[in-house]
Amino acid sequence: MKKLLLCIAALALSVMMAAQDEWTRVEVKDLTLVGKAFDTPNPYHRIDTVRFKGFTKGENLQCRVPAGLVVLFKTDAKKIGVCAGFGERSKDSYRSYRGFDLYIKKDGKWLWAGMNDFVFDHQNPDRVIEVVKAMDGTEHECMMYLPLYAELNSCKVCVPAGASLEAIESPFHNRIVFHGSSFTHGISCTRAGMSYPMQFMRKTGLQVIPMGFSGNCKMQPYFADVMENIDADAFVFDPFSNPNIPMIRERLLPFIDRMVKAHPGKPLIFQRTIYWERENFNTDSQKEFGGRRALSDSLMAIACKKYKDVYYIKPDAALHNGESSTADGVHPNDNGYSLWEKSIEKPILKILKKYGIRK
């Protein structure tokens, strides 16, 4: 009986090892990683928190998550998987927070192909979880979004042994920073590629440098330190969704002064906070968020008059047919983020065109 059990165990182990050997694994950093603002010791961190100081514990984690970072590659594999070694990560139920979101180019457009989720097995960095399967075996250009709210210590694209897997040159051009709140971070997206900055990148071909910080984009001086040091062609800010009215009054104009000084001649585009659906019947919310919009309207009029490279646009994430376009009365759902992107695409492109930046 013992010999039989030992044989079964040995067979199971050999099957597991054989299954592992079926995959070719390539670390994402050795392919084409798009969206990085800075070089960092961990390639999947957005900000080096040793270089930049002042963050709270929660902000520190957000600096280390790869929200909005994208890996580009080509392969003739019939299936594609991912294996990942996680550090800290969100325990929220949204799959986008720890999942990978794959797009494949077809007829010149990026089409969604598949996603996975590491909710159950996140302690095994060698386990391959499939993202897409049963493909035709011809070569495809692929773009995969990294998780919105999970720190990565390692991350590998996996294809069956014998299939090709190579980096491709990025088709995205220029560098457009999107810095903002949970809206810009992509909170409540069902997939990591559905935040409005990521949709903007796919639709325009402009490279987005993702700097969304859920709940924490309040024009803090230490975030200004970061923004001052990013080399980019344009900046798009969502600065009025997190700070309260006194913070906006105190911080906005000094923040703009710093950005103008650090990035002379670069377009600095500020977005008004959207209408929050919780305002429908909640009078406290109406007072707070309506007050934020009114104050930002008046202060941005001053800033736009003072500086020729400062702009103010008004995004819209509402359906306007009585139906909800948010996940929770605050954060847009996937459709709401699509509406947001659609509302800002033309205004931003019109501004960027003045600076020789085109889609």
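The lining of the largest cavity divides into 8 nonpolar, 5 polar and 1 charged residues. In that count, Ala, Val, Leu, Ile, Met, Phe, Trp, Tyr, Cys and Pro are nonpolar, Asp, Glu, Lys and Arg are charged, and the others, Gly among them, are polar. Keep in mind that this is a predicted model, where local features need pLDDT of at least 70 and side-chain atom pairs count only at pLDDT 80 or more, while totals for chains, interfaces and linings use all residues. Residues are numbered from 1 along each chain as its sequence is written, and side-chain values use heavy atoms, with hydrogens and water left out.

**The cavity**

- The structure holds 1 cavity of 30 Å³ or more; a cavity is a set of points, on a 1 Å grid over the protein atoms alone, where a 1.4 Å probe fits but cannot get out.
- The largest cavity has about 70 Å³ of space, with volume meaning the space filled by probe spheres set on the points, which are joined across faces, edges and corners.
- It has 14 lining residues (those with an atom within 4 Å of a point), and Ala67, Gly68, Thr184, His185 and Pro210 are the closest to its centre.
- At least two lining residues each come from α3 (182-185), α4 and β12 (206-212); these labels are DSSP runs numbered from the N terminus, with helices being H or I of at least four residues and strands E of at least two.
- β12 gives the largest share of this lining, at 3 residues.

**The pocket**

- The largest pocket has a volume of about 210 Å³; a pocket is an open set of points with protein on both sides within 12 Å along at least five of seven lines.
- Around the largest pocket you'll find Lys105, Gly108, Lys109, Trp110, Leu111, Pro171, Phe172, Gln199, Arg202, Lys203 and Gly205.
- Two or more of these lining residues come from each of β6 (109-117) and α4 (196-204).
- By class, the pocket lining splits into 4 nonpolar, 3 polar and 4 charged residues.

**Where α4 meets α8**

- Helix α4 packs against α8 (residues 334-353) at about 55°, with the axes 8 Å apart; axes are lines fitted to C-alpha atoms, for helices over the stretch in contact, and angles run from 0 to 180 degrees between N-to-C directions.
- That angle makes α4 and α8 oblique to each other, because under 35 degrees counts as roughly parallel, over 145 as roughly antiparallel, 65 to 115 as roughly perpendicular and the rest as oblique.
- On the α4 side, the contact (heavy atoms within 4.5 Å) includes Tyr196, Gln199 and Phe200, while Tyr337, Trp340 and Ile344 are among the α8 residues.
- This contact has 7 nonpolar, 3 polar and 4 charged residues.

**α6 and its partners**

- α6 and α7 (residues 283-306) pack at about 25°, with axes 10 Å apart, so α6 is roughly parallel to α7.
- α6 passes α7 in a right-handed crossing.
- Among the residues that meet here are Ile248, Leu252 and Ile256 in α6 and Gly291, Leu295 and Leu299 in α7.
- The contact of α6 with α7 splits into 9 nonpolar, 1 polar and 6 charged residues.
- α5 (residues 221-228) and α6 (residues 245-262) pack at about 20°, with axes 10 Å apart, so these two are roughly parallel as well.
- The α5 residues in this contact include Pro221 and Met227, and those of α6 include Phe255 and Met259.
- The contact of α5 with α6 has 6 nonpolar, no polar and 3 charged residues.

Note on methods. Left-handed = near helix turned anticlockwise from the far one by under 90°.
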